[in-house]
Amino acid sequence: MSATSVVELQDVLLVTIQGELTDEDAMALQEELTTNVARSSARGVLIDVSGLDLVDSFLARTLHDIAGASALLAAETVVVGMRPEVAITLVELGLTLPGLGTALTVADGLDRLNGSARRR
Amino acid sequence: MTAGTGQNIRDRVAQFLKENRSDIERAWATTPVFTARRPADAAEECAELLTGLRHVIETGGEEDPSAGGLATVRPVLASLAARSAGGPSGSDRPDVTVLKGPLLRLWREQDLPEDIVHSGDLVLSNVLNTLRIALLEIELSAGTETILAQRAQLTELSTPVIKLWDGILAIPLIGTLDSTRGQIATESLLEQIVAQQARVAILDITGVTAVDTLVAQHLLKTAVAARLMGAECIISGIRPQIAQTMVQLGIDLGEVATRATLADAFGQALRVIGLTVCPDERGAG
């Protein structure tokens, strides 16, 4: 059972993932998100994974694909709030998500998207 | 030998132990097992040991180290084992086999038929052998407990996560990093990154004696996991010899930032979070 929500914050799309994400959910999310980015010409995508306590290789690839597709649509993708155990699992699986931006919190992620000029 | 005769022999031996208590205790007190003790303590321990052994023989449990009869002897054995500071192989380890000689001598000095003497010999030897096994078991389990406690202490000691500044954490790694300690260090660092909302984490390996491929791999994994969570990792305190070893081993830390000293790493961390250190204009000292 999962619930994902996509919220538009000015020119940034905030995606919150709650609970477990099945492969179908992940593909649906990728589809919806890419469409949304194209429609709203968003500048950035924030994916909040703090509610996720399980990330498998498929989801890792989906995140990577989302980042790639968004980059083609001129939007930067930042994954925020990854839990320690999830991070360790991903590293142990060898999924280091290269090229994907990361931040501790949604606020940090927004700062990152707004450029280094607004760094704390 | 039938069970009936066996019981007769046991009763006979138990009776012998009871009647010759003081002689046996006196003989035992002069053996190396007890000479290190104060005479009063030694006498008390001898008496306890003897009572316990008699109980074991009466109940016929002389060949079973886990028998209930030995329960009465265990406190004495534990105190014997506690004195063996040198460990199982130490030269000062108490050896209860020295108790056998005096005991068998006293047994043989009695005026008894030969077959009873032989059977009694067997019973007494058996019970002392069992005693020795029980003592060894106690020593081994005491050693294992000590090792476990020390390992736990070491693990606790080795993983303090230090807050250097708002958003900057450091973890000084010390000694040899095996997989357990490394894993605990990683986990506590990542947990603290979340708890303290740290943007930069410094892994200081000044106190690490050797870096092999496994340790390097672990450092790298920690750094990547921290990056996935949105924090940057800096590895500091790489001594020249270690740097050379790492190059010779072909270890590549990739894009992880490295610095020679913790101070350099701290400076870099301050830059990352957008702070600078500048001299105080007022010149206060």
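Because the model is predicted, local features need pLDDT of at least 70 and side-chain atom pairs count only at pLDDT 80 or more, while totals for chains, interfaces and linings use all residues. Residues are numbered from 1 along each chain as its sequence is written, and chains are lettered from A and ligands numbered from 1 in the order in which they are written.

Chain B has 11 helices and 5 strands; helices (H or I, at least four residues) and strands (E, at least two) are DSSP runs, numbered from the N terminus. Of the 285 residues in chain B, 33% are buried. A residue counts as buried if 20 or more other C-beta atoms lie within 10 Å of its own, as exposed if 12 or fewer do, and as partly exposed in between, with C-beta atoms placed from the backbone. Among the contacts in chain B with a separation of 6 or more, 70% are between residues 24 or more positions apart; a contact requires the C-beta atoms of two residues, placed from the backbone, to lie within 7 Å.

The strands of chain B form an open sheet of 5 strands in the order β1-β2-β3-β4-β5, with mixed pairing; two strands pair if DSSP finds at least two bridges between them. β1 (162-165) and β5 (257-259) of chain B stand at the edges with a single partner strand each, so one side of each lacks a neighbour in the sheet. On average, neighbouring strands are turned by 30° against each other, direction ignored.

β1(B) and β2(B) pair in the antiparallel sense over 3 bridges, and I162(B) has A170(B) of β2(B) as its bridge partner. Their hairpin has 2 residues between the strands, and G167(B) takes a positive phi near 90° there. Because 6 of its 8 residues are buried, β2(B) is largely enclosed by the rest of the structure. Further along, β3 (residues 200-208) and β4 (residues 232-236) of chain B run parallel and are joined by 5 bridges, with S236(B) in β4(B) as the bridge partner of D204(B).

Two helices of chain B pack on this sheet. α8(B) touches β1, β2 (168-175) and β3 of chain B, and its direction makes about 165° with that of β2(B). Helix α11 (residues 262-272) touches β1, β2, β3, β4 and β5 of chain B, its direction making about 175° with that of β3(B). Axes are lines fitted to C-alpha atoms, for helices over the stretch in contact, and angles run from 0 to 180 degrees between N-to-C directions.

In chain A, strand β2 (residues 12-19) and β3(A) pair in the parallel sense over 6 bridges, with T16(A) opposite D48(A) in β3(A). β3(A) is mostly covered, since 6 of its 8 residues are buried. The axes of helix α1 (residues 23-40) and helix α2 (residues 57-72) of chain A come within 10 Å and cross at roughly 10°. That makes α1(A) roughly parallel to α2(A), a term for angles under 35 degrees. The contact involves, among others, L33(A) and V37(A) of α1(A) and F58(A) and I66(A) of α2(A).

The contact between the chains takes 17 residues from chain B and 16 residues from chain A. On the side of chain B, α8 (179-196) and α9 (213-228) each supply at least two residues.

The largest nonpolar core has 69 residues, and those with the most contacts inside it are A87(A), A201(B), I202(B) and M229(B). Such a core is a set of buried Ala, Val, Leu, Ile, Met, Phe, Trp, Tyr and Cys residues joined through C-beta atoms within 7 Å. α9(B) gives the most to this core, with 8 residues. Not counting residues up to four places away in sequence, A87(A) touches M82(A), L190(B), A225(B), L228(B) and M229(B). A second, separate core of 31 residues includes V33(B), C46(B), V56(B) and L99(B).

Two loop residues of chain A complete the picture. S41(A), in the loop between α1 and β3 (44-51) of chain A, has a positive phi near 40° without being a glycine. S41(A) is exposed, with 10 other C-beta atoms within 10 Å. A74(A), in the loop between α2 and β4 (76-80) of chain A, is likewise not a glycine and has a positive phi of about 65°. A74(A) counts as exposed because it has 11 C-beta neighbours inside 10 Å.

Technical notes. Parallel < 35°, antiparallel > 145°, perpendicular 65-115°, else oblique.
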